[in-house]
Amino acid sequence: MRKILIVGAGQSGLQLALGLQSQGYEVTLMSNRTADEIRSGRVMSTQCMFDTALQHERDLGINFWESQAPRIEGLGVSVAAPDASRAIDWVGRLDGFAQSVDQRVKMAGWMETFAQRGGQLVIHGAAVSDLDFFSRTYDLVLVSAGKGELVSMFGRDAARSPYSEPQRALAVAYVHGLGPRPEHPDFDAVRCNLVPGVGELFVMPTLTTSGRADILFWEGVPGGPLDVFQGVKDPSEHLSLTLELMEKFTPWEYARATKVELTDANGTLAGRYAPTVRNPIGRLPGGGLVLGVADVVVANDPITGQGSNSASKCAAAYLTSIVENGDKPFDEAWMQATFDRYWDTAQHVTKWTNAMLGVPPEHVLNLIGAAGQLQPVADRFANGFDNPADFENFFFDPEKTSAYLAEVTGG
């Protein structure tokens, strides 16, 4: 029985732990918080997961909240004009529904399931010195804790990391009482509201600790009018600021938010980080090697909603690689090949996300505009959130964009 240690109990760490456990591995999971501390703590993310990532959970039989969480059947884009009216507004239909489950609910539930199934759960904030010791007693050590000292073991891959500074200031509020979008009251959709030169507002339904809710998520250009959440400690002040900015920049979303209230006192989050790709193999002082997972090695800005999707896809790819490796050593060559297998899909996420952080070129603006008149374009754009590799075919290159639009219009 091969012994594997996973440090970090987020989407990737827990999904991988449960997957390995189901394959008969002896798994130890290390978390810096208990399930109860996670459940009663602060919200951690916005986590809208699309069909492919949800399928990885279904494959492992850990989709415990699928019947309770809202089914997100569309993805809409609005672009604000300078006078705060909507210059563009459309919604694409998803081929398979998406869902968002508050990570406080999911991670706590998964952690308890792991322990109930006989997994060894260790509540301890691991340091590099701990891993130095553990690397000698486990066949494989995986690091899926995306923040803190451990990340420093994985060097930045400059060739794949064009930004050295955060590109957005992030502010999240979980709320009850949001009204439906009048344009499509019959189905749930994620709404992406683009305010050129200022930032983006994302609105999405979720399942939280108190039932159905909605997430209001501002991404502000640093130093701009949305970059006002740093230092705001009071949750009600955070919500007031969120709503003030909605009233000013996205009044069509504010119109349905006049009666909202926070889901709980821990329902807000603010911060920023630089999107970074890191070298996947960490070297310990004693000579041992550890493999980085998901956000540890590929951290994208949440502007494209890919964080939990990428974490799920990474865990699925690593699970396959570990099982395929059988009794052979988990050596440096295997670690690099395992990461490369994940990078085959992750590279498309990184390229697309970094493109969305910049000023959109004219052909992309034309594409987003065309989606307002051409439903197949809106639908394809929406489904790109599930399969970002498809953007290579019609998004980045002006000639491919023109050819695609000509094909759709029969021109």
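**Strand pairing and helix packing**

Within strand E16, Leu 289 is the bridge partner of Arg 283. The model in which this pairing occurs is a predicted one. E15 and E16 are joined by three bridges and pair in the antiparallel sense.

**The hairpin of E15 and E16**

- Five residues lie between the two strands of the hairpin formed by E15 and E16.
- Gly 287 in this hairpin adopts a positive phi near 100°.

**The sheet**

- Six strands make up an open sheet with mixed pairing, in the order E6-E2-E1-E7-E16-E15.
- Its edge strands are E6, covering residues 120-123, and E15, covering residues 281-283, and each of them pairs on one side only.
- From one strand to the next, the twist averages 25°.

**Parallel pairs involving E7**

- Strand E1 (residues 3-7) pairs with strand E7 (residues 140-143) in the parallel sense, and four bridges connect them.
- Ile 6 has Leu 142 of E7 as its bridge partner.
- E7 also runs parallel to E16, to which two bridges join it.
- For Val 143, the bridge partner in E16 is Gly 292.

**Packing of H1 with H3**

- Helix H1 (residues 11-22) packs with helix H3 (residues 51-60) at an angle of about 30°, and the axes of the two helices are 10 Å apart.
- Because angles under 35 degrees count as roughly parallel, this angle makes H1 roughly parallel to H3.
- H1 and H3 cross in a left-handed manner.
- On the H1 side, the contact is made by Gln 11, Gln 15, Gly 19 and Ser 22.
- On the H3 side, the contributing residues are His 56, Glu 57 and Leu 60.
- Where H1 meets H3, the contact residues comprise five polar, one nonpolar and one charged.

Definitions and conventions. Residues are numbered from 1 along each chain as its sequence is written. This is a predicted model: local features need pLDDT of at least 70, side-chain atom pairs count only at pLDDT 80 or more; totals for chains, interfaces and linings use all residues. Side-chain values use heavy atoms; hydrogens and water are left out. Axes are lines fitted to C-alpha atoms, for helices over the stretch in contact, and angles run from 0 to 180 degrees between N-to-C directions. Angles under 35 degrees count as roughly parallel, over 145 as roughly antiparallel, 65 to 115 as roughly perpendicular and the rest as oblique. A crossing is left-handed if the near helix is turned anticlockwise from the far one by less than a right angle, and right-handed if clockwise. Contact means heavy atoms within 4.5 Å. Ala, Val, Leu, Ile, Met, Phe, Trp, Tyr, Cys and Pro count as nonpolar, Asp, Glu, Lys and Arg as charged, and the others, Gly among them, as polar. Two strands pair if DSSP finds at least two bridges between them.
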